[in-house]
Amino acid sequence: MASLTELEVDPAQEISPALPFPPEIQRIPAAELTYGEFFRRFMSTNTAVIISSVSDRWECFRRWVHRTGEVDKVDVNYLKAQIGNVTVPVANCGKQYYNAHEKLDMRFHEFLDNWAEEGGDRKEERSKMYLKDWHLREVMPEYRFYETPLFFGSDWLNEYLVDRKLDDYMFVYIGPEGTWTSFHADVFASYSWSTNIYGMKKWLLLPPGEEVKLKDNLGNFPFDISEQLLKEKDVRYYDIRQTAGEAIFVPSGWYHQVQNLEDAISVNHNWFNGCNIGKIWDSLWAAYEQVVREIDDCRDMENFDEHCQLMLKASYGMDLEAFLDILEHVAKKRIAALVEGVDVIHFDLYKLGKWHIRFDLKKIQEVLSRMHEQRDLLDILRLLARVEEIIDNIQVTLK
């Protein structure tokens with residue numbers, strides 16, 4: 001394994017209070033920003049930022065796109081040679097299915113051929129096909145077509161999922177001009193990062209709380225937003241044009257809608273860590289309380305609490321046990337690092353420094369203490385003893 005870059009934080013690092021929303025989202029070259037500065041200025045304050053020149057050395061940035069002519073152009077033949085004709089998930093941006101776009105499966109080479117073809121009777125239909133949420137890294141783990149930027153290297157969610165060989169939250173998006181992703185906040189209230197390697201995207205990005213102004217009388221958010229709607233509702237928002245080589249950091253709870261202004265390719269991750277784990281718990285607990293409200297008239301049924309967890313897992317994607325599984329996994333690795341000297345390694349590129357490890361454990365301890373306030377429910381779900389054991393182990397380790 002090549003030498004690892006250490007991710008370290010200040011020994012006294014704590015989560016900073018949220019800052020007033022900036023007049024505009026900063027753009028900072030990657031070479032002018034350290035991990036510690038990103039941690040302190042943006043992750044811990046839950047503030048968006050655009051970081052430029054993060055993908056210059058990536059294989060996908062250098063080889064998937066011809067950049068030698070007057071106009072950059074995707075190298076379809078190279079993509080076909082590198083990636084087999086696998087099945088890929090495609091969204092039809094011309095058809096809404098509940099609160100998302102209609103999904104279908106296609107063969108990758110067919111998608112590329114349709115994308116590259118000019119004219120024809122199906123041009124309008126093809127222009128709406130958006131390959132998204134593609135687990136290419138999972139499909140081809142040996143193909144190192146990108147590297148996770150060091151700023152986003154502390155990633156508990158994908159650390160756990162990759163270690164357990166479960167579906168990750170690391171994606172590739174490929175879409176023609178005009179394809180788009182509807183208005184939403186990211187899964188689990190997670191952070192996300194998105195790096196454009198080709199083309200330009202338009203982001204409409206709302207600071208937390210502004211999205212409430214868009215709810216209808218039933219409490220639902222719109223599927224599609226426009227700048228005209230945002231202005232009519234007096235919503236604070238940022239209009240961002242993201243170009244090739246730029247990564248945007250989307251903090252927890254920042255609702256957004258994204259449109260490809262040109263044919264575009266991007267690499268995206270959802271993730272969380274010690275900086276936003278409290279927000280993940282808040283979101284999970286709010287989703288649980290919503291489930292309870294929806295079936296409160298069935299409270300006398302046998303195994304009501306267990307049934308609520310099943311519904312939570314189905315609707316939200318995570319239940320209390322799954323959340324605890326992640327925290328326990330992350331805590332055990334960090335305890336082993338401090339007690340046994342075992343490195344905590346992320347993406348085969350980064351290792352956590354001593355103070356970063358201690359910070360992580362403190363944040364796990366804090367959120368588990370909040371979780372422990374629901375001790376009666378945890379006891380019914382047979383999770384209480386696990387929560388208390390992890391808290392005790394962290395306390396012993398940090399002494």
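Me: In this predicted model, in which hand does α9 pass α11?
Reply: α9 covers residues 277–294 and α11 covers residues 320–340. Where α9 passes α11, the crossing is left-handed.

Me: How do the directions of α9 and α11 relate, roughly parallel or roughly antiparallel?
Reply: The two axes come within 11 Å and cross at roughly 165°. Angles over 145 degrees count as roughly antiparallel. α9 and α11 are therefore roughly antiparallel.

Me: Which residues of α11 make the contact with α9?
Reply: From α9 come Ile277, Ile280, Trp281, Leu284 and Trp285. By class, the contact has eight nonpolar residues, with no polar and no charged ones. On the α11 side, the partners are Leu320, Phe323 and Leu327.

Me: At what angle do the axes of α12 and α14 cross?
Reply: α12 spans residues 354–372, and α14 spans residues 384–398. Their crossing is left-handed. The axes come within 10 Å and cross at roughly 145°.

Me: How many charged residues are in the contact of α12 with α14?
Reply: α12 brings residues including Arg358, Lys362 and Leu368. α14 brings residues including Glu388, Ile391 and Leu398. By class, the contact divides into 10 nonpolar, five polar and, as charged residues, three.

Me: How many of the eight residues of α7 are buried?
Reply: α7 runs over residues 156–163 and is mostly covered. Buried means under 20% relative accessible area. Trp156, Leu157, Asn158, Glu159, Tyr160 and Leu161 are buried.

Me: Which helices do the buried residues of α7 pack against?
Reply: Their partners include strands β9 (170–175), β16 (264–271) and β17 (345–346). The helices they pack against are α9, α11 and α12.

Me: Why does Lys128 count as partly exposed?
Reply: Lys128 sits in the loop between α5 (123–126) and β8 (129–134). Lys128 counts as partly exposed because its relative accessibility is 27%.

Me: Which residues does Lys128 contact, leaving aside neighbours within four places in sequence?
Reply: Glu8 is 120 residues from Lys128 in sequence and 43 Å away in space, C-alpha to C-alpha. The contacts of Lys128, beyond those neighbours, are Ala91, Asn92, Cys93, Gly94 and Thr179.

Me: How far apart are the end C-alpha atoms of residues 137–288?
Reply: An unreviewed UniProt entry annotates residues 137–288 as "domain: JmjC". The span is 19% helix and 30% strand. Its end C-alpha atoms lie apart by 32 Å.

Definitions and conventions. Residues are numbered from 1 along each chain as its sequence is written. This is a predicted model: local features need pLDDT of at least 70, side-chain atom pairs count only at pLDDT 80 or more; totals for chains, interfaces and linings use all residues. Side-chain values use heavy atoms; hydrogens and water are left out. Axes are lines fitted to C-alpha atoms, for helices over the stretch in contact, and angles run from 0 to 180 degrees between N-to-C directions. Helices (H or I, at least four residues) and strands (E, at least two) are DSSP runs, numbered from the N terminus. Angles under 35 degrees count as roughly parallel, over 145 as roughly antiparallel, 65 to 115 as roughly perpendicular and the rest as oblique. A crossing is left-handed if the near helix is turned anticlockwise from the far one by less than a right angle, and right-handed if clockwise. Contact means heavy atoms within 4.5 Å. Ala, Val, Leu, Ile, Met, Phe, Trp, Tyr, Cys and Pro count as nonpolar, Asp, Glu, Lys and Arg as charged, and the others, Gly among them, as polar. Buried means under 20% relative accessible area, exposed over 50%, partly exposed in between (1.4 Å probe, protein chains only). UniProt positions are given in the numbering used here, feature names are shortened, and annotations may be inferred rather than shown by experiment.
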